[in-house]
Amino acid sequence: MQVFDLAVIGGGAAGFFGALQTAEMKPGSRVVILEKSNKLLSKVRISGGGRCNVTHACFEPGPLARHYPRGEKLLKNLFRSFQAKDTVAWFASKGVHLKVEEDGRMFPDTNSSETIIDCFLHEAQRHNITIEVSTGEVAVQPERERFTLTTQHGMTLQAHHVLVATGGHANPQFYQWLAALGHTVVPPIPSLFTLNDSQRDFRDLMGVAVPHAEVRIATTKFSETGPVLITHWGLSGPAVIKLSAWAAAYLHEAQYQCTALVSWIGPAQEEATRQLLHGHKAAHGKQRVYTNPLFSLPQRLWQKLCTLAAIEETKIWAELPQKNLNKLLEYLIRCPFQIKGKTTFKEEFVTCGGVDLKEINPETLESRRIKNLFFAGEVLNVDGETGGFNFQAAWTTSHQAARQIAAGIQRGI
């Protein structure tokens, strides 16, 4: 029977990085990656539309950690050891250079996720890391000095350390084997999704985007600003996706039914906006309301708001009744959408939930229940906003676990 220093369960981002970091920190380590499917690094491949959003250009631990609805405290501490700038430096040391886009997302300068995958596979080969695919579910049996791992198809091996990097899954059954090992699993629920408008009053505007809007959930404190995109099913765009992450638990509890209020002009004070409208009315009385958008709004959106406010196409500002101006104001800063349901954002399904952080040593990512059992990535109850943050959490947690694992291999434990 083969005996390894480290067995990594999961051939995704966190699993590969943990394996590579261990091999780098303790050269000559015997490392195996066990992947249940026949596809390695599948999420890396599809991320960012096939470009792989590796990380985000936020290079201070505190501000970076604030992009995580779950796991902020844990990551703030870990980012002091390995954060986004360290990710950039590691890839650069392998000849992979990352570029920053206007919104802070970072991609390989080749614009291809295959660059990241090729880098990982090349490094794995260089460090003689064994990779086993199509293993199915892996049973883990802790013993006195090591673990015995058995794949679904009957392969058995032993390892002194195990790193669990199996990602997040919607089905709670997936986590049963971890519960059987004594770990509490926070029930997984979706994060990072778009909102479905049950009335679809705006579907004729699909494709219209506003660069700086505010979206909030009525009667709650959940609110986010940023670009908003109108789709044929409802609302999308960075502000909506970000909102879905922070409000994931609330929306799940509400069965994805709520009223979303959109301010098309960003965070706006009602009285200040009213004064702006009155000032425009006084200064441009002969101008037609319908055909002259304010606040740099797209023409079609402005006309839609005018229609909802019952403003006729021929009406000029000087003739606009107060009640119509009030309605226009309302639709500008509190445009209601009756949300019923959600849609996964592209292929980037992310869960909140997973292994309870209280049962993990925050310094080492080692289980408090079982010695030499470690966790990294989305299998933990850690998740971030869209924009490279979930990959950064994978790199950071697997790096930290690898430090402890490599030290254990060095000490022969």
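**A tour of helix packing and the barrel**

Select helix H10 (residues 270-283) and helix H12 (residues 322-333): they pack at an angle of about 130°, with their axes 10 Å apart. H10 is therefore oblique to H12, since angles under 35 degrees count as roughly parallel, over 145 as roughly antiparallel, 65 to 115 as roughly perpendicular and the rest as oblique. Axes are lines fitted to C-alpha atoms, for helices over the stretch in contact, and angles run from 0 to 180 degrees between N-to-C directions. Helices (H or I, at least four residues) and strands (E, at least two) are DSSP runs, numbered from the N terminus.

The model is predicted: local features need pLDDT of at least 70, side-chain atom pairs count only at pLDDT 80 or more, and totals for chains, interfaces and linings use all residues. Residues are numbered from 1 along each chain as its sequence is written, and side-chain values use heavy atoms, with hydrogens and water left out.

Next, display the side chains between the helices. Glu270, Thr273, Arg274, Leu277, His278 and Lys281 in H10 meet Gln322, Leu325, Asn326, Leu329, Leu332 and Ile333 in H12 (contact: heavy atoms within 4.5 Å).

Now select the barrel, which six strands close in the order E11-E14-E13-E12-E15-E16 with antiparallel pairing (two strands pair if DSSP finds at least two bridges between them). From one strand to the next, the twist averages 50°. H12 packs on the sheet, touching strand E15 (257-263) and E16, and its direction makes about 110° with that of E15.

Finally, pick leucine 195, whose bridge partner in E16 is lysine 342. Four bridges join the antiparallel strands E11 (residues 193-197) and E16 (residues 335-344).
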